[in-house]
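Morning, everyone. Please bring up the model on your screens.

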Amino acid sequence: MNAKAQPVLERINQFTQDFNVLFKEAVESTRQEIRGQEHREAMERLYGPRGILSSYQTLKVNRENARFVSKIFKLMESLDDVKADSTETIHSRGKEHGFTVEESMCIYNMNLYAKALSNLGAQKDKMVEIILAEE
């Protein structure tokens, strides 16, 4: 190889390597921004003022929505044996009851939270007893 061409090739190789590093950093930064935005949007859809969970918090059963509320409980019952990593099962069972993927996941989580709160509530007297015994 020509001695004069060697420094030029080295510079081209170095430029290519530097460019690849910058490109990877830019791609990763963009990915993180997109993930962050997706997370914020999902949280808004779930917990925001017009979110799924918020609508269930204020839901009042009446003639028009009694069957819908019944579907919520039926879905909760059908998800009792489902593990959290079985999202496809959660989605398909939700769809069977007429719920979107997000609604299905919300109902699944509400069911878990309900069980956790029930468990803690059942132990409230025992907790008070232990704390009073320590004092």
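Let me start with one definition. A residue is buried under 20% relative accessible area, exposed over 50%, and partly exposed in between. Now apply that to Ser78. Its relative accessible area is 22%, so Ser78 is partly exposed. Keep in mind that this is a predicted model.

Let's stay with Ser78 for a moment. Ser78 lies in helix α3. Leaving out residues up to four places away in sequence, Ser78 touches Arg93 and His97. Now look along the chain to Ile12. Ser78 and Ile12 are 66 residues apart in sequence, and their C-alpha atoms are separated by 62 Å.

Next, the core. How many residues does the largest nonpolar core have? The count is 14. Those with the most contacts inside this core are Tyr56, Ile72, Leu79, Phe99, Cys106, Ile107 and Met110. Three helices each supply at least two of the core residues: α2, at 52–57, α3, at 66–78, and α5, at 101–122. The largest share comes from α5, with four residues. In soluble globular proteins, nonpolar side chains tend to be buried together.

Now the helix pairs. Take α3 and α5. Their axes come within 9 Å and cross at roughly 70 degrees. Angles from 65 to 115 degrees count as roughly perpendicular, and α3 and α5 are therefore roughly perpendicular to each other. The crossing of α3 past α5 is right-handed. Who meets whom? From α3 come Ile72, Leu75 and Met76, and from α5 come Ser104, Ile107, Met110 and Asn111. By class, this contact of α3 with α5 has five nonpolar residues, two polar ones and no charged ones.

Helix α4 spans residues 87–96. It packs against α5 at an angle of about 110 degrees, with the axes 8 Å apart. So α4 and α5 are also roughly perpendicular to each other. On the α4 side, the contact is made by Thr87, Ile90, His91, Gly94 and Lys95. On the α5 side, it is Val101, Ser104, Met105 and Tyr108. The residues of the contact of α4 with α5 divide into four nonpolar, four polar and one charged.

Ser104 lies in α5, and it takes part in the contact with α3 and in the contact with α4. Is Ser104 buried or exposed? Its relative accessible area is 0%, so Ser104 is buried. Setting aside neighbours within four places in sequence, Ser104 is in contact with Leu75, Leu79, Ile90, His91, Gly94, Lys95 and Phe99.

Here is another serine. Ser54 is found in helix α2. Its relative accessibility is 14%, so Ser54 counts as buried. Beyond residues up to four places away in sequence, Ser54 touches Leu46, Tyr47, Gly48 and Pro49.

On to the loop between α4 and α5. Gly98 is found there. Where does Gly98 fall on the scale? At 60% relative accessibility, Gly98 counts as exposed. Gly98 and Ser118 are 20 residues apart along the chain, with their C-alpha atoms separated by 27 Å.

Last stop: helix α6, residues 124–134. Met127 is found in this helix. Met127 has a relative accessible area of 42%, so it is partly exposed. Compare its position with that of Val27. Met127 and Val27 are 100 residues apart along the chain, and their C-alpha atoms are separated by 51 Å.

To recap: α5 gives the core its largest share, four residues. The helix α3 is roughly perpendicular to α5, and α4 is roughly perpendicular to α5 as well. And Ser104 is buried, at 0%. That's my tour. Over to you.

Terms used. Residues numbered from 1 in each chain as written. Predicted model: local features only at pLDDT ≥ 70, side-chain atom pairs only at ≥ 80, totals over all residues. Heavy atoms only, no water. Core = buried A, V, L, I, M, F, W, Y, C linked by side-chain atoms within 4.5 Å. Buried < 20%, exposed > 50% of the residue type's maximum accessible area, 1.4 Å probe, protein only. Contact = heavy atoms within 4.5 Å. Axes fitted to C-alpha atoms, helices over the stretch in contact; angles between N-to-C directions. Parallel < 35°, antiparallel > 145°, perpendicular 65-115°, else oblique. Left-handed = near helix turned anticlockwise from the far one by under 90°. Nonpolar A, V, L, I, M, F, W, Y, C, P; charged D, E, K, R; others polar.
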